[in-house]
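Here is a short report on one protein chain. Look at the model first, then read on.

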Amino acid sequence: MTTPTAHHAPAARTTERTDALVADIREAVGRGLPPDLTAYLVGERLAPHLGAADLLTPEQCEGDPDRYRQHLLHAEADGSFSVVALVWLPGQRTSVHDHVSWCVTGVHEGEEHERRYRLVPAAGPGTSARLIATEDVVNPTGAVCGFAPPGDIHRVWNAGAGRAISLHVYGADISRLGTSVRRVYDLPADR
């Protein structure tokens with residue numbers, strides 16, 4: 001349940017609203033600002049589209065009974081950003097991970113639970129690095145958050161009884177990489 005199934009939607013199946021969102025993101029990313037500012041601007045552009053019935057096609061809302069599902073909506077030709085829809089059925093979750101680039105997420109349907117972590121390096125010989133949980137967040141429909149490495153370690157899951165869908169915009173070419181995950185953490189965590 002921790003690895004998504006990938007489904008790359010053909011470009012012809014985007015909606016007019018998705019195309020408008022991509023154009024808005026292109027303008028924000030094209031400014032060439034630092035990652036944290038880019039994420040902020042992209043979040044401003046994403047927010048008005050969340051929850052709109054005409055944002056995704058029915059196929060882009062389909063889940064997978066075995067693991068959360070990733071639908072690639074757009075990958076910019078120059079590799080500067082990608083937009084994916086993640087569909088979460090009840091109980092599905094990610095592993096604890098960080099990312100290859102800045103990221104903005106917005107909840108389109110349902111709600112996502114998120115636990116954020118801080119990595120504490122090994123204190124010395126005979127000790128190991130560990131994770132400290134720093135915050136638990138429930139992101140309802142319409143919630144937007146953005147972050148940029150380092151300091152972007154988290155786990156996301158659907159604790160609800162129904163489907164959850166979120167849009168993720170990454171400053172990387174997900175069509176080429178297949179995932180936004182840089183590293184999966186299998187370290188002791190305090191919770």
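Where does Pro121 lie? Pro121 sits in the loop between S6 and strand S7 (130–140). Helices (H or I, at least four residues) and strands (E, at least two) are DSSP runs, numbered from the N terminus. The model is predicted: local features need pLDDT of at least 70, side-chain atom pairs count only at pLDDT 80 or more, and totals for chains, interfaces and linings use all residues. Residues are numbered from 1 along each chain as its sequence is written, and side-chain values use heavy atoms, with hydrogens and water left out.

Pro121 counts as exposed because its relative accessibility is 59%. The scale is this: buried means under 20% relative accessible area, exposed over 50%, and partly exposed in between (1.4 Å probe, protein chains only). Pro121 and Thr141 are 20 residues apart in sequence, and their C-alpha atoms are 35 Å apart in space.

Asp186 is found in the segment after strand S11 (181–184). Its relative accessible area is 75%, so Asp186 is exposed. Between the C-alpha atoms of Asp186 and Asp36 there are 27 Å; along the chain the two are 150 residues apart.

## The annotated histidines

An unreviewed UniProt entry carries the annotation "binding site" for His97, His99 and His154. UniProt positions are given in the numbering used here, feature names are shortened, and annotations may be inferred rather than shown by experiment.

His97 lies in strand S4 (residues 97–99). His97 counts as buried because its relative accessibility is 6%. The side chain of His97 has a polar atom 2.8 Å from the backbone oxygen of Ser95. A polar contact is a pair of N or O atoms within 3.5 Å; within protein, one must be able to donate a hydrogen and the other to accept it, and residues adjacent in sequence count only if both atoms are side-chain atoms. Not counting residues up to four places away in sequence, His97 touches Asp152, Ile153, His154, Val181, Arg183, Val184 and Tyr185. Contact means heavy atoms within 4.5 Å.

His99 is also found in strand S4. Relative accessibility is 3% here, so His99 counts as buried. The side chains of His99 and His97 are joined by a polar contact of 3.2 Å. Leaving aside neighbours within four places in sequence, the contacts of His99 include Phe147, Asp152, His154 and Tyr170.

## Asp98, between them in S4

Asp98 lies in strand S4. With 2% relative accessibility, Asp98 counts as buried. Its side chain reaches the backbone nitrogen of Arg183 at 2.9 Å. Beyond four places in sequence, Asp98 touches several residues, among them Asp152, Ile153, Ser180 and Val181.

## Two cavities

How many cavities of 30 Å³ or more does the structure hold? There are two. On a 1 Å grid over the protein atoms alone, a cavity is a set of points where a 1.4 Å probe fits but cannot get out; lining residues have an atom within 4 Å of a point. Grid points are joined across faces, edges and corners, and a volume is the space filled by probe spheres set on the points.

The largest cavity holds about 40 Å³ of space. Its lining is Thr105, Glu112, Glu114, Asn139, Cys145, Phe147, His154 and Val156. Strand S6 (111–120), strand S8 (144–147) and strand S9 (153–157) are the elements that give two or more residues to this lining. By class, the lining has three nonpolar, three polar and two charged residues. Ala, Val, Leu, Ile, Met, Phe, Trp, Tyr, Cys and Pro count as nonpolar, Asp, Glu, Lys and Arg as charged, and the others, Gly among them, as polar.

The second largest cavity holds about 30 Å³. Its lining includes Thr105, Gly106, Val107 and Glu112. S5 gives the most to this lining, with three residues. The lining divides into four nonpolar, three polar and one charged.

## His168

His168 is found in strand S10 (residues 164–170). Its relative accessible area is 5%, so His168 is buried. The side chain of His168 makes a polar contact of 2.8 Å with the side chain of Ser166. Leaving aside neighbours within four places in sequence, His168 is in contact with residues including Thr105 and Glu112. Thr105 and Glu112 also belong to the lining of the largest cavity.

Methods:
1 Å grid on protein atoms, 1.4 Å probe; cavity = no way out; pocket = protein on both sides within 12 Å on 5 of 7 lines; lining within 4 Å.
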